[in-house]
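Here is a friendly briefing to read alongside the sequence and the coordinates.

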Amino acid sequence: MPIAEVQSRFDEFAAGTIGEDVLRKAVREAVRREPQLAPAYAAMTLARAKGGAISAALAATIAADIAEPGDDADRTVFSPRGRSTEAPVQAPAQPAAPVRAVVPEMPVVSSRDDRPVRLDEPMYPRRESVGMTAGLTTGSTTGTTGSAWDAPERLAEVAAPLNIGSVLGNRFELLQELGRGGMGVVYKALDRATAALKDRNPYVAIKVLNDEFKRHPLAVRSLQREARKAQKLAHPNIVKVYDFDRDGGNVYMVMELLSGSSLDEALKSQGGSYPLEEVIRILRGLGAGLSYAHELGIVHADFKPSNAFLTTDGNVKILDFGVARAARSLNGPEEKTIFDAGALGAVSPPYASLEMLSGGTTPDQRDDIYALGCVLYELLAGQHPFNRIDALKARAAGLKPPPLRKLSREQWRALQGALAFERDARTATVAELVERFCAPGKARHWWLALAASVVLVAAAAAWIVPRQWDSYHAGQLAADLASPDEQIYSQALGKLKAATRQIQTSALASDKAREALVKRYRAGIEQAMAPGSDDFPRAREMWKELKNWLPDLRVVEELGAGIDATARKELQKLAAARDEALQRGALIPQQGKDDLASVLARWQRIDPGSKAPAEPGIAAAYEAAARKAVAARELELARSLVD
């Protein structure tokens, strides 16, 4: 991929037409093909970060990608608060290891700090800044001992007691305990850094490892590697992992805070099975997240209802990628006598595949497919397909999942394929399972039309004709939505909003209709965000409408991310303009171009909920300028400043 194409990808990301995953994939591919140009790509990334085209957090992630474009996750030490460096690696035997490109150091901040902030000094100093340390065996940190932060003697350090109100890393204030598990305790916490930047969502989830897990350095290092991989999983159906760090004897992971309930809790409160339509919606979300991870070569290895989360806004998220693999990494010969990985939740027998229970095989995406099949059956039937008996015992007993009458023949075959005991007989990919299960049924009730009785024929006609009429209307609506004529499209959009859900779904099954809808909404969103309009609230409302029509399209998610990225970029510019106007003393239009009042007015149009324009320092500046004008007997100017 020529360097000009990579530049184009950066431009497309800044314009909001592609997402982070597409940009990062382009950079990784370019470095793989031309590793000698790695310094140029790193310099390009740094320049884009300085220019505000990408966030500092994304720049840090791309820098890590450039340093290791492949899957060599064990050799790079990456600190979101520090710099990307190389961990000491023992020289291998001949043939020599390939030469790795030297990437310029790039100052970065945590992925949570996506608002304007100085990059050369942290908002809150931390006692130790280690970040996503992958596979570290020797080296130093900012601590005083000089040994690796995850060395046995460091992990043996007694953890300070944590209570509500405790602060980890001089940054995360613990507010509420959310739950306890085999690995440790999860808290809701206030991220003081983002709170200081007036972020509207300054809360995170903190998982603090318990001593049973922490006292095994191999487990912690493996979890670091897996957490670093999880940090790269930028997908709307996967929980975000921000950081992996320690504070004295406390080792913790920082994650996205979710509001809602885990799938196992939701199943209990449901008191039975879910409607088929809701199951399909949940399956699409879970399938999208797992498929995305599998495309990046990451297997969950412990998927189960408690590792899926239904948010209050109707989204579904997958939790704890790689945690089971981290725990199972201790099952080497040297650890078998002192560590029981199963005690830490490394395997959940009812949802583990035959191969995972047997051991000795590399985790495979089909292991996740078996677990997803079990969860899917549980959503449909309200119970486990084998009554929570693990795959080894179920196969030995010749058990088969009871058929479900609510499913079509094709759907039942798709579910059976996911639940196959043998890996080779199991459905090959999550995408195949989702496609087969969620595809519309093939006219399951047309047998009515074949009945000999006149009464049955009439009943069949009464059932068929309205659906044929709906099908005709849906087809016509899809064609009108794809029309280049603005008037025809506008009328079609009104009809789409007034149509039944069945007609809406059928009309939007057309590729042309979906493409046209995305194109029209994108144009409207770009017009709303254009300089001079700055109607970002309207842009977000339009995006919500589009997401309501097409909730599963990745391009829609990327469009939403583009709106947020553009807003952040504009607010960064306005922050600089605000400071410059204050320095010049240009507070109102009468005092010069790009005055503070105009800057703040545009700020409020872009982000109406922001408190930045009402900061006390700004009011004090106007008051001081007004008093100075009064003293100089410039009363009109003083009145304007007071107003």
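What percentage of the 643 residues of the chain count as buried? The answer is 48%, where buried means under 20% relative accessible area, exposed means over 50%, and partly exposed is in between (1.4 Å probe, protein chains only). This is a predicted model, in which local features need pLDDT of at least 70 and side-chain atom pairs count only at pLDDT 80 or more, while totals for chains, interfaces and linings use all residues. Residues are numbered from 1 along each chain as its sequence is written, and side-chain values use heavy atoms, with hydrogens and water left out.

**Overall layout**
- The chain holds 25 helices and 12 strands, taken as DSSP runs numbered from the N terminus (helices: H or I, at least four residues; strands: E, at least two).
- Among contacts in the chain with a separation of 6 or more, 65% come from residues 24 or more positions apart; a contact means heavy atoms within 4.5 Å.
- About 31,000 Å² of accessible surface belongs to the chain, and carbon and sulfur atoms account for 54% of this surface (Shrake-Rupley method, 1.4 Å probe; for residues, only the protein chains shown count as cover).

**Nonpolar cores**
- The largest nonpolar core has 62 residues, and F321, L415 and F437 touch the most other members. Such a core is a set of buried Ala, Val, Leu, Ile, Met, Phe, Trp, Tyr and Cys residues joined through side-chain atoms within 4.5 Å.
- Helix α13 (residues 365-381) gives the most to this core, namely 10 residues.
- Leaving out residues up to four places away in sequence, F437 touches L276, I280, L283, L376, L380, L407, Q411 and A414.
- A second, separate core has 36 residues, including A513, L517, L550 and A575.

**Cysteines**
- The disulfide count is 0, with a disulfide taken as a pair of cysteine sulfur atoms within 2.5 Å.
- C374 counts as buried because its relative accessibility is 0%.
- C438 is buried too, with a relative accessible area of 10%.

**Cavities**
- There are 5 cavities of 30 Å³ or more. On a 1 Å grid over the protein atoms alone, a cavity is a set of points where a 1.4 Å probe fits but cannot get out, and lining residues have an atom within 4 Å of a point.
- The second largest cavity holds about 50 Å³ of space; grid points are joined across faces, edges and corners, and a volume is the space filled by probe spheres set on the points.
- Its lining has 11 residues, of which A301, D302, Y351, A352 and M356 lie nearest the centre.
- Helix α13 gives the most to the lining of this second largest cavity, with 3 residues.

**Loop residues to look at**
- Most residues other than glycine have a negative phi.
- N387 has a positive phi, near 55°, and is found in the loop between α13 and α14 (391-396). N387 counts as exposed because its relative accessibility is 64%.
- D594 also has a positive phi, near 55°, and is found in the loop between α22 (554-584) and α23 (596-606).
- P613 lies in the loop between α23 and α24 (616-631) and counts as buried because its relative accessible area is 14%.
- P613 and V599 are 14 residues apart in sequence and 9.1 Å apart in space, C-alpha to C-alpha.
- Setting aside neighbours within four places in sequence, P613 is in contact with L600, W603, Q604 and I618.

Key:
On a 1 Å grid over the protein atoms alone, a cavity is a set of points where a 1.4 Å probe fits but cannot get out, and a pocket is an open set with protein on both sides within 12 Å along at least five of seven lines; lining residues have an atom within 4 Å of a point.
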